[in-house]
Amino acid sequence: MGKPIVLQLGDDIRWNHELYAQFQDRFEIKRSYSMSRPEFIRALKDKQFGDFFAIYRPFWNTGGEMGNWDEELISLLPASCKVYASAGAGFDWVDTATLAKKGVVYCNAAAACTESVADAAIWLIISTFRLFSWSAMAARSVDADQFVDANRNLAPVSHNPKGHTLGIIGFGQIGRRTAEKAFLALNMKILYHDIVQMPRALEQVSQATFHRSMDTLLAESDCVLVATPFSGETLLNASLLAKMKPGSRLVNIARGKLLDEAALVDALQRGHLSAAGLDVHYNEPHVNPTIAQMKNVEIMAHNAGASLDSHIGFERLGMENILSFYQTGKAITPVNQQLVAAASKL
């Protein structure tokens with residue numbers, strides 16, 4: 001028998017060449033490069049890639065030309081496919097439940113971009129307290145009147161984060177690392193909400209307090225950070241935004257569709273929320289034009305995790321996940337392992 005086949009999506013390896021050499025020794029690598037969805041569907045139907053054991057997508061900005069991984073694509077995977085390792089922290093573009101029913105373990109790469117996303121979250125948190133977006137917009141306008149306006153009027157409405165309460169929705173790796181930075185560097189009080197309470201050892205680093213109810217977290221937080229995966233439904237709608245403390249702030253580094261943008265605009269315009277920081281947007285790559293013009297909103301182009309360090313880590317972790325699964329039957333960063341186990345018992 002020949003080597004197990006790994007289907008690599010997208011571009012060539014760029015950094016981890018020594019590990020990739022080991023990867024090539026262990027597996028036969030077949031490539032799809034940047035196929036369109038119709039081309040990719042035809043290739044799967046025609047068994048162009050053979051009976052591959054794993055799918056490897058080392059970069060989040062290539063290899064995704066075939067679109068969302070839904071029932072249409074997943075149903076065409078060979079029975080031999082057991083693991084899918086991809087770059088990036090989010091997995092809203094892949095139906096992990098359907099993959100599980102097919103017996104495929106999906107692995108994300110949140111661990112590789114945790115530091116970068118947490119750094120960006122801290123920057124957005126600070127910006128919402130200090131309103132740095134207003135100052136930056138005024139300076140970049142090269143307009144003396146705007147400069148003077150920001151210079152004279154920003155101070156009375158900006159605050160230091162120190163001593164304020166940060167409420168984190170989603171206490172995974174990124175949420176916890178942001179909490180550590182906010183607690184240790186900014187002296188903020190940390191609250192968090194998640195499906196289950198984390199082990200005490202994970203809470204102690206930031207002295208985080210678990211809130212079983214998201215309502216109480218929203219009511220007590222001076223700034224709320226959204227750091228939870230997108231499950232297909234809006235997380236914060238108008239009614240929940242109304243439960244936030246008057247004058248508080250909202251930061252989103254997760255997915256744009258977790259937040260009702262129209263409700264956010266309304267809350268900001270009414271003054272119920274004093275500021276927001278958004279790395280992600282509802283209709284990417286299109287940014288809400290009203291939000292873009294707001295002095296009290298800091299926005300980014302979904303770059304929180306986009307550092308060279310992250311990309312090197314994405315590339316490496318994907319290979320490590322596949323190697324680990326092949327050698328031990330267990331992946332390093334599985335997302336749907338419990339669903340796979342449950343499906344296997346049916």
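Let's start with a label from the records: an unreviewed UniProt entry carries the annotation "domain: D-isomer specific 2-hydroxyacid dehydrogenase catalytic", and it covers residues 69–336. Keep in mind as you look around that this is a predicted model.

Now for some helix pairs. Take helix α5, residues 110–130, and helix α14, residues 308–328: their axes are 8 Å apart, and the two pack at an angle of about 170°. Angles over 145 degrees count as roughly antiparallel, so that is what α5 and α14 are to each other. If you want to see where they touch, look on the α5 side for Ala111, Ala112, Cys113 and Ser116, and on the α14 side for Asp309, Ser310, Gly313, Phe314 and Leu317. Sorted by class, this contact has five nonpolar residues, three polar ones and one charged one.

Next, find helix α6 (residues 132–140) and helix α7 (residues 144–153). Their axes come within 8 Å and cross at roughly 155°. By the cut-off of 145 degrees, α6 and α7 are therefore roughly antiparallel too. The crossing of this pair is left-handed. On α6, the contact is made by Trp134, Ser135, Met137, Ala138 and Ala139, while α7 brings in Gln146, Phe147, Asp149, Ala150 and Asn153. The class tally for α6 with α7 is six nonpolar, three polar and one charged.

Where does Gly271 sit? You'll find Gly271 in the loop between helix α12 (261–270) and strand β11 (273–278). Is Gly271 buried, exposed or partly exposed? Its relative accessible area is 44%. Buried would take a value under 20% and exposed one over 50%, so Gly271 comes out as partly exposed. For a sense of distance, pick out Lys3 as well: Gly271 and Lys3 are 268 residues apart along the chain, and their C-alpha atoms are separated by 62 Å.

Technical notes: Residues are numbered from 1 along each chain as its sequence is written. This is a predicted model: local features need pLDDT of at least 70, side-chain atom pairs count only at pLDDT 80 or more; totals for chains, interfaces and linings use all residues. Side-chain values use heavy atoms; hydrogens and water are left out. UniProt positions are given in the numbering used here, feature names are shortened, and annotations may be inferred rather than shown by experiment. Axes are lines fitted to C-alpha atoms, for helices over the stretch in contact, and angles run from 0 to 180 degrees between N-to-C directions. Helices (H or I, at least four residues) and strands (E, at least two) are DSSP runs, numbered from the N terminus. Angles under 35 degrees count as roughly parallel, over 145 as roughly antiparallel, 65 to 115 as roughly perpendicular and the rest as oblique. A crossing is left-handed if the near helix is turned anticlockwise from the far one by less than a right angle, and right-handed if clockwise. Contact means heavy atoms within 4.5 Å. Ala, Val, Leu, Ile, Met, Phe, Trp, Tyr, Cys and Pro count as nonpolar, Asp, Glu, Lys and Arg as charged, and the others, Gly among them, as polar. Buried means under 20% relative accessible area, exposed over 50%, partly exposed in between (1.4 Å probe, protein chains only).
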